[in-house]
There are 2 protein chains.
Amino acid sequence: MAGSGRGPRERMVFSAAQLIRRHGVDATGMRDVAAHAGAPRGSLQHYFPGGKDQLVGEALQWAGRYAAARVARFLGDMDRPTPSGLFAAMVRQWTDEYETQGFAAGCPVAAATVDCAESSETTRRAAADAFAAWTRPVAEALVGMGVPAERSGPLATLMISSLEGAILMARAERDVRALTTVARELGPLLDAAVPGA
Amino acid sequence: MAGSGRGPRERMVFSAAQLIRRHGVDATGMRDVAAHAGAPRGSLQHYFPGGKDQLVGEALQWAGRYAAARVARFLGDMDRPTPSGLFAAMVRQWTDEYETQGFAAGCPVAAATVDCAESSETTRRAAADAFAAWTRPVAEALVGMGVPAERSGPLATLMISSLEGAILMARAERDVRALTTVARELGPLLDAAVPGA
DNA sequence: GCCGGGCTATGACGGCCGTCATAGTAGCCC
DNA sequence: GGGCTACTATGACGGCCGTCATAGCCCGGC
């Protein structure tokens, strides 16, 4: 996962995202974030005067940018991109992590949605923005593969929904089964959306 | 949503599930549960000597049973059941709630997975059991509609994954768009799995 | 040389948490 | 009536939380 930035501020945002991924927003303390980032506790209120809301918001923003960058990278790695290939790559990122690092972490955006959708309007919006920042490049990639524009958005939403749900099930079961299943079952449907082939 | 049971114990389990649905596990306090259930605080340690873990576990068990019962009910309401019809009914339960009651609540099993998968092994197992209790009747229903046995399990997993992910996105966006999208896009794929029609 | 601002350090505060300890009440059976 | 069990009531404890207040460090600019 993308190296921690160089400055202490970037490191804290990155650490916040990692801890939220593992324990959720509520169980992630500001002191934990500073410790995980190797940053002084006093820097928290210096860099994030908006408090925890601001820190969580920036962590989600980082997560959205990261997901978008991964999509671009997956596309660059494929010489003959297909919708099913892209989805398989997105899923494989998670199965790889789970098989090598264990099932400790999930998606930070999902965690923030669960913990904060009802308690913090700003965090809820940040989660929605992160989903959008992730969905958009997926939809654009589908268009680039020949999927009609009016179907690219819905299919991108379907891909991300299935992936998010499968991440939840995989973590609960400590088994990548759900992830590999959605990749296999959804592949043909995705490829069938490009009219040419 | 299923009426609160008659005894104070059932009411507390039910209330725990409702509060977890809204705020997550960590943000749901034992005192809140008792208050929401109209039950005396002292009853908590009487009925749930295992503490919060036990209460959360029973709430997840309740959620799993509830989801399974809903699947059975959806089947009973359809005179000519189809896979897409079942999935549409499962999705509609959520769109109906969101349109009439607002986007306050999500799935308690998802919330428990996000908050506790890494911190409480017993709760993680309870979440996995709840997913299983939900998936099984869906798969059995698919078999009853003519879906080959070897595909019913994977398709049930796909249905629940997509639904869970769409719930997350809908709650973040405060828009049922993701839910209606997955229902529409997945319908044809599901119906195509029954060989006869 | 000193001054100002970016950054760090640390303790305190009020609040909520899950859990425990202790005591009290209500009802039923002998 | 006595005792036992099921349930309720309430206060305390230790711990962690986010936030604030205050002070100190460090270094470039003048």
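This is a predicted model: local features need pLDDT of at least 70, side-chain atom pairs count only at pLDDT 80 or more; totals for chains, interfaces and linings use all residues.
Reader: Why is Gly196(A) called exposed?
Author: Gly196(A) has a relative accessible area of 76%, and exposed means over 50%, so Gly196(A) counts as exposed. Gly196(A) lies in the segment after α9 (177-191) of chain A. Its C-alpha atom and that of Thr100(A), 96 residues apart along the chain, are separated by 38 Å.

Reader: What makes Gly64(A) buried?
Author: The relative accessible area of Gly64(A) is 2%. Buried means under 20%, so Gly64(A) is buried. Gly64(A) is in helix α4 of chain A and touches Ala130(A) and Ala133(A), leaving aside residues up to four places away in sequence. Gly64(A) and Trp134(A) are 70 residues apart along the chain, and their C-alpha atoms are separated by 5.6 Å.

Reader: Why does Thr181(A) count as buried?
Author: Its relative accessibility is 5%, to be set against a limit of 20%; Thr181(A) therefore counts as buried. Thr181(A) is in helix α9 of chain A. With residues up to four places away in sequence not counted, Thr181(A) touches Pro154(B) and Thr157(B).

Reader: How many residues of helix α6 of chain B are buried?
Author: Nine of its nine residues, 108-116, are buried, and the helix is described as mostly covered. Among them are Pro108(B), Asp115(B) and Cys116(B).

Reader: Why is the pair of Trp62(A) and Tyr66(A) called stacked?
Author: The ring centres are 5.2 Å apart, and rings pair if their centres lie within 6.5 Å. The planes are at 10°, and planes under 30 degrees apart count as stacked, so this pair is stacked. Trp62(A) and Tyr66(A) are both buried. Together with Phe14(A), they form one aromatic cluster.

Reader: How far apart are Trp62(A) and Tyr66(A) in helix α4 of chain A?
Author: Trp62(A) and Tyr66(A) are four residues apart in this helix, residues 51-77, and so are separated by about one helical turn. An α-helix has 3.6 residues a turn, so residues three or four places apart point the same way.

Reader: What makes the pair of Trp94(A) and Tyr98(A) tilted?
Author: The centres are 5.9 Å apart and the planes are at 55°. Stacked needs under 30 degrees and edge-to-face over 60, and the rest count as tilted; the pair is therefore tilted. Trp94(A) and Tyr98(A) are both buried. Being four residues apart in helix α5 (residues 83-101) of chain A, they too are separated by about one helical turn.

Reader: Why is α5(B) called roughly antiparallel to α9(B)?
Author: Helix α5 (residues 83-101) and helix α9 (residues 177-191) of chain B pack at an angle of about 170°, with axes 8 Å apart. Angles over 145 degrees count as roughly antiparallel, so α5(B) is roughly antiparallel to α9(B). By class, their contact has ten nonpolar, four polar and one charged residues. On the α5(B) side these include Phe87(B) and Trp94(B), and on the α9(B) side Leu186(B) and Asp191(B).

Reader: How do you know that the two copies are related as by a two-fold rotation axis?
Author: A rotation of 180° with 0.0 Å of shift along its axis superposes chain B on chain A, with an RMSD of 0.0 Å. The copies are thus related as by a two-fold rotation axis.

Reader: How do you know that the copies meet through the same surface?
Author: Of the interface residues of chain B, 100% are also interface residues in chain A, so the copies meet through the same surface.

Note on methods
Residues are numbered from 1 along each chain as its sequence is written. Chains are lettered from A and ligands numbered from 1 in the order in which they are written. Side-chain values use heavy atoms; hydrogens and water are left out. Buried means under 20% relative accessible area, exposed over 50%, partly exposed in between (1.4 Å probe, protein chains only). Helices (H or I, at least four residues) and strands (E, at least two) are DSSP runs, numbered from the N terminus. Copies are superposed by least squares on the C-alpha atoms of residues with pLDDT of at least 70 in both. Contact means heavy atoms within 4.5 Å. Axes are lines fitted to C-alpha atoms, for helices over the stretch in contact, and angles run from 0 to 180 degrees between N-to-C directions. Angles under 35 degrees count as roughly parallel, over 145 as roughly antiparallel, 65 to 115 as roughly perpendicular and the rest as oblique. Ala, Val, Leu, Ile, Met, Phe, Trp, Tyr, Cys and Pro count as nonpolar, Asp, Glu, Lys and Arg as charged, and the others, Gly among them, as polar. Rings of Phe, Tyr and Trp (its six-membered ring) pair if their centres lie within 6.5 Å; planes under 30 degrees apart count as stacked, over 60 as edge-to-face and the rest as tilted.
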